[in-house]
Amino acid sequence: MKVKLVKKILAANDRIAEANRRLLSDAEVFSLNLMSAPGAGKTTLLSRTIGALGGKLRFGVIEGDIQGTHDAEVISAHGVPVVQINTEGACHLDANMINEILPQLPLEEIDVLVVENVGNLVCPAEFDVGEDAKVMLLSITEGDDKPLKYPLMFQKSEALIINKIDLVPHLDVSLEKIRRDAQGLNPKLRIFEVSCKSGEGMEAWYGWLQGRKESGSLHGAL
Amino acid sequence: MHELSIAMSILDIVRDACAEEGCSRVEKVRVRIGKASGIMADSLLFSFDCARSGAAAGATLEIEEVPVGGHCRDCASDFTVEEKYVLECPLCGGPAFTIDSGHELEVVDLEVDD
């Protein structure tokens, strides 16, 4: 006997993500899902961003790592609320992990919640965690072939931050190719070229983040 | 890498459907997986075999891979491609296309013992 179903496999995750989104929006918290490969500079980007905008926006951070609390310690040195999720092997955060940890954050004291996903260019792109915007970080040391090798994350993100551009003179990498391929995959993608080390290019990213926070949740409108 | 999460979600759906329909043994689970969904079929099959239990303990997973396809407004044609992404219309080279298949992740049906 056949039982017809036609059910979305990730429907359960998406339902919890929607609940997270409602909870955050009711608390007037704007949320970002920050994704990249390991070592692209997510924590450094966050440190700089909190340092620059901390006077104007109140940040909160959820750190996702397979194990350890290194990143959470770096971020908590900025005096912002941080909670750590250790996935103990899982390669991405899902909506339920976020749902379980949200009660540990003082949402009424947070304007921008950043979910720093597990370093991985593949899996995090698939799982909605209830964020208002997905932002991807790519460091140029990873190579200019990445957009066409890992298209999904580029397609699902609203903004791409290309990091470590201070290393351009030392590498055989084409920023132009990264830009062209990423925009080809996702014509609406906003691209920022920055060095989180020197601070070059960061102002444009800060401007976008502040503007994007004002427009709030665009989910479903994109 | 996240195929195990996907396999567990499939098995949750199967378990709920079995409870609803009152079936105790599932022979086969059919799923549609888009080629652009980021799921590797081999890895999903392996994960499913590791995670299956209960009514689905002996079930096989049948995967239908859906190619990436879309519609071009410039040349008014429908297309499908071998790749996981499309940067331009494969027929006319234009930029005015929409992608409407290749991201599927769904359970289609179950074959169960009566």
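Two strands pair if DSSP finds at least two bridges between them. Helices (H or I, at least four residues) and strands (E, at least two) are DSSP runs, numbered from the N terminus.

This is a predicted model: local features need pLDDT of at least 70, side-chain atom pairs count only at pLDDT 80 or more, and totals for chains, interfaces and linings use all residues. Residues are numbered from 1 along each chain as its sequence is written, while chains are lettered from A and ligands numbered from 1 in the order in which they are written.

**Exercise 1.** Find the strands that pair with strand E7 (residues 159–163) of chain A.

*Solution.*
- Start with strand E6 (residues 133–139) of chain A. It pairs with E7(A) in the parallel sense, over five bridges. Here Leu138(A) faces Ile162(A) of E7(A).
- Go on to strand E8 (residues 190–193) of chain A. It also pairs with E7(A) in the parallel sense, over four bridges. Ile161(A) stands opposite Phe192(A) in E8(A).

**Exercise 2.** Explain why E7(A) is largely enclosed.

*Solution.*
- Apply the cut-offs. A residue is buried if 20 or more other C-beta atoms, placed from the backbone, lie within 10 Å of its own; it is exposed if 12 or fewer do, and partly exposed in between.
- Four of the five residues of E7(A) are buried, so the rest of the structure largely encloses this strand.

**Exercise 3.** Describe the contact of chains A and B.

*Solution.*
- Two residues are in contact if their C-beta atoms, placed from the backbone, lie within 7 Å.
- Chain B gives 25 residues and chain A gives 23 residues.
- On the side of chain B that touches chain A, helix H1 (3–21) and strand E6 (105–112) of chain B each supply at least two residues.
- Strand E1 (residues 2–8) of chain A pairs with E6(B) in the antiparallel sense over five bridges. Lys7(A) stands opposite Val107(B).
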